[in-house]
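Work through the exercises below with the structure open beside you, and try each task before you read its solution.

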Amino acid sequence: MPSVDAAELCAQLVRIPSVNPALEPGGSGEGAVVDQTASWLDAWGFQVETPEASPGRFNVVARRGPRGGRTLLLNGHTDTVGVQGMSDPFSGDVREGRLYGRGACDMKAGVAAALAAAASLSETDMTGELIVALTADEEHASIGMQHLVASGIVADGAVVCEPTGLAVMPAHKGFLWVDFTVRGKAAHGSRPEVGVDAIVHTGAILSSLAEEAHRLQTGRTHPLLGPASIHAGTIEGGTAPSVYPERCRLTVERRTLPGETEEQLMGEVAEMVAAARGRIPQLSVEVAAGLFRAGTEVRSSDPLVMGLLNELAEAGLPSRVEGMTAWVDACFLNQSGTPALCFGPGSIAQAHTSDEWVSVEEIRTCQRVLTSWVRAHLA
Ligand SMILES: [Zn+2]
């Protein structure tokens, strides 16, 4: 068995910048990490492809073991957010058991754990297929994961190694963005008989939003995710203190629970607008749905969840099942028929911060658990 250390792989990956260029102009992109990880996987006996998800943005898809039987998928994203405010973002240095650098936690540690697990199994005869899929662009538009599922990849179970602090997270929230454009009538501030105040009219929508937020807070609660929520994101309107504002634009974000559809959510938005119109009958507003990403879940009784919990228990580790509040790429796997959950080293609290780090011990523990999980099902 090759002695590959996930923490060492993580340090090497942190030292290869892979800032998402869609988030930060001039960002290096995933290319060098793709080359490095593809060459490791090739050396460990995997059949490796690097499909281009969009121009210059590549996934790594590596397979080992016979096709047609049971298939398991390990996934992580190779891009990171930008490095503003970081003094030494690509050091990969370890101090007091913490490995530092951009992407250390989100999620080169998880990628490294998946890779090291794959390496640990490289001399094992497999009874089914292990796929390691590393995807581009999770931090922006998830083009890598969308390309992966569009390519027809299906597995009996997938672990997305996002930072969960080694809790098993079978459910995650989704979101819908909604744009409101409220029309008023511009007029000199001294002429109230002519002017229609688009900002005050938007206030009626904000009052509806506050009521809706309260309704959600006290409504249906998901056992792992709690209630859904809604909040204002941005607001912009008006040109000068002495002018009635002609237009006000409000964007709102609704965080969703698994099962909530865009159609249903836009129905609730229409009710919010109707309530606002109850306050201001002449309210003129255009409503447009923006980006929608569904919340999805795997049932806690699913073999995928039970299997990982079993490996944690066998390793003498705490078995925690929790909800992922953020939206994650696991959504696209679940929607395409591959049950997917999140399980990985590191805390989401360190993700995207200027002091990003991950516990070295957690990286190695994740490697051990993933290795035994794959071995239990495929070896
Ligand atoms: Zn991530």
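Domain bounds, as used here, come from an automatic or database domain assignment. The model is a predicted one.

**Exercise 1. Find the domains and state how many residues each gives to the contact between them.**

Solution. Begin with the assignment, which gives domain 1 as 6-172 + 296-378 and domain 2 as 174-293. Next, take the centres of the two domains over C-alpha atoms, and you will find 37 Å between domain 1 and domain 2. Finally, turn to the contact itself, to which domain 1 gives 15 residues and domain 2 gives eight residues.

**Exercise 2. Describe the area buried between domain 1 and domain 2, and the side of domain 1 that touches domain 2.**

Solution. Start with the area: about 860 Å² is buried between the two domains, and carbon and sulfur atoms give 64% of that area. Then ask which residues of domain 1 lose the most area to domain 2; these are H172, E297 and W327, which together make up 45% of what the domain 1 side buries. The elements that give two or more residues to the domain 1 side are β10 (168-172), β19 (296-297) and β20 (321-324), and the largest share, four residues, comes from β20. Sorted by kind, the residues on this side are seven nonpolar, six polar and two charged.

**Exercise 3. Decide whether R57 and D137 are buried or exposed, and describe the salt bridge between them.**

Solution. Recall that side chains of opposite charge can pair when their charged atoms come close. The closest N and O atoms of R57 and D137 are 3.4 Å apart, and the cut-off for a salt bridge is within 4 Å, so the pair qualifies. R57 lies in strand β3 (residues 57-58) and D137 in the loop between β8 (129-135) and α4 (143-150), so that the pair links parts of the chain 80 residues apart. Because buried means under 20% relative accessible area, R57 at 9% is buried, and D137 at 1% is buried as well.

**Exercise 4. Describe the salt bridges E260 to R254 and E322 to R320.**

Solution. E260 and R254 meet at 2.9 Å, N to O, and both residues are buried. This pair also belongs to a network of salt bridges that links E212, R215, R254, E260 and E268. E322 and R320 meet at 3.0 Å, N to O; here E322 is partly exposed at 30% relative accessibility, and R320 is partly exposed at 33%.

Terms used: Residues are numbered from 1 along each chain as its sequence is written. This is a predicted model: local features need pLDDT of at least 70, side-chain atom pairs count only at pLDDT 80 or more; totals for chains, interfaces and linings use all residues. Side-chain values use heavy atoms; hydrogens and water are left out. Contact means heavy atoms within 4.5 Å. Buried area is the accessible area (1.4 Å probe) that two parts lose on being put together, summed over both. Ala, Val, Leu, Ile, Met, Phe, Trp, Tyr, Cys and Pro count as nonpolar, Asp, Glu, Lys and Arg as charged, and the others, Gly among them, as polar. A salt bridge is a side-chain nitrogen of Lys or Arg within 4 Å of a carboxyl oxygen of Asp or Glu. Buried means under 20% relative accessible area, exposed over 50%, partly exposed in between (1.4 Å probe, protein chains only).
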